[in-house]
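Colleague: Hi! Could you walk me through this one?

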Amino acid sequence: MIFRSSTSFLKIITIFFNSFTFSLLLQFFSALIFISFVTSSISCSSSVKFTGADEVVEVEKFNEINVLLSDRQNKISYTVLSDLSIEDDERIIALISKGNVFSLSQNEENLLLEINGMEFNSHKFIFSSRDNSEHVNLGGKVYHGKIKFTPAHGKINIINVISLEDYVKGVLPKEMPTGNGYENFEALKAVAICIRTYAIQKIYNSKNEFDIYTDERDQVYGSADSETQISNLAVDETQNMILTYKGETTQIFYHSTCGGETEAASNVFQGQGTPYMNGVKDGSPSNCSIAPRFEWIEHYSKESFVKRIFSAGLLADSNYVIKDIKILSRFPSGRVNELQLDLQDSNSFEKHVSLFGNSMRSIIRNSDNSAILRSTLFDIETSEDSIKISGRGNGHGVGLCQWGAIYQSQNKKNYKTILDFYFPGTEIIKLK
């Protein structure tokens, strides 16, 4: 059944027979509340201040987060898999039942919503659950909270408006191996705090319709379908906990495998130098040596290597041969800072190309070109026709080493000890 409101009254149009009453409709009006976020006017590098600051931020602003699920389509169509309520900018406009089909498309600066021959025009539409489950079943996936649709430069933003704690539950099992039983539990709790801290920072600095992406641009998010019992428990046991430094939220980075020593943030991310991310030695032998990709080897032909340098726009054409490759400098962690390629073209003219820091990973890539190079902690050898890179670690190396944290968890270290190890000088606080 679908209920449609106008400026003066509610028209009832039957699509599927059920027993919804007007009193139930009134319950929907009182129960469904959309919370608006006020975008902060601070710069993207600002941190949230909680203590000892001129302005104490209201923590209620962080109860919900807007997660961008998609922004690539200009028209979408879904079959509704659960009973839903639909709001526009001002009010509930429709109640639709499981099995209804709806479509959304651009209509100048607004969106046009079509359901069984009926049309609604608005700048946004918000889909909410009608069965008190607080889940929206849409497109074959189950989401906590609400789904919001807004126009965006000729496309449609699909945004999951979700509580912060449910968001952390959707990210944790996508970013961390959950392990068997409780072996990784303390590491899961440590990373849950990192995920929440990162999200708080994104909400605080957001200037868009949404706060955060669902992929590696931010943190990988997998909806309610990705949740596990053990990872949800880790989130629950660290509820509202975030990591701070001198009363402000920390800048958070984490990665899979450091390879023996984490990297100073300032050597990888410009402008991100912090006292608590200057790099630490990850045990001796390395805590993360248990990782499946602690050590690795990649083989390339010299011809394919040249093509990658050309594809990166560092050569005018690919008619060069590599004469030598030299590591000119390393950071204190051992990661390569500058890699120099000595090349020669068909006229025997020499050319030197330098690759720097973490950016070289996306230029060199792995041998089958399916992903970026695992890390910059490597040695390189050249022969007559081939190149061999032997490395350790997986990721940029900054902040918390996930496999190092797992090792510490499996060796009875608690989440507080793990966080203090990778972010020395920081403090865990609990939002109230």
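Predicted model: local features only at pLDDT ≥ 70, side-chain atom pairs only at ≥ 80, totals over all residues.

Colleague: Sheet first, please. What is the order of the four strands in the open sheet?

Modeller: The order is 4-7-8-9, and the pairing is antiparallel. Strands in a sheet are held together by backbone hydrogen bonds, in a parallel or antiparallel way.

Colleague: Which strands stand at the edges?

Modeller: Strand 4 (75-79) and strand 9 (118-122) do. Each has a single partner strand, so one side of each has no neighbour in the sheet.

Colleague: And how many bridges join strand 4 to strand 7?

Modeller: Five, with strand 7 covering residues 101-107. Within that pair, T79 sits opposite V101 of strand 7.

Colleague: By how many degrees are neighbouring strands of this sheet turned against each other on average?

Modeller: By 20 degrees, with direction ignored.

Colleague: New topic: F120. Buried or exposed?

Modeller: F120, which belongs to strand 9, is buried, because its relative accessibility is 7% and the cut-off for buried is under 20%.

Colleague: Nice. How much space lies in the largest pocket?

Modeller: About 870 Å³. Its lining has 27 residues, and E175, E216, Y254, H255 and S256 lie nearest the centre. Helix 2 (164-175), strand 18 (254-255) and helix 7 (402-410) each give two or more residues to that lining.

Colleague: How do the residues of the lining divide into nonpolar, polar and charged?

Modeller: There are 11 nonpolar, nine polar and seven charged residues in the lining of the largest pocket.

How values were computed. Residues numbered from 1 in each chain as written. Heavy atoms only, no water. Pairing = 2+ DSSP bridges. Axes fitted to C-alpha atoms, helices over the stretch in contact; angles between N-to-C directions. Buried < 20%, exposed > 50% of the residue type's maximum accessible area, 1.4 Å probe, protein only. 1 Å grid on protein atoms, 1.4 Å probe; cavity = no way out; pocket = protein on both sides within 12 Å on 5 of 7 lines; lining within 4 Å. Points joined across faces, edges and corners; volume = space filled by probe spheres on them. Nonpolar A, V, L, I, M, F, W, Y, C, P; charged D, E, K, R; others polar.
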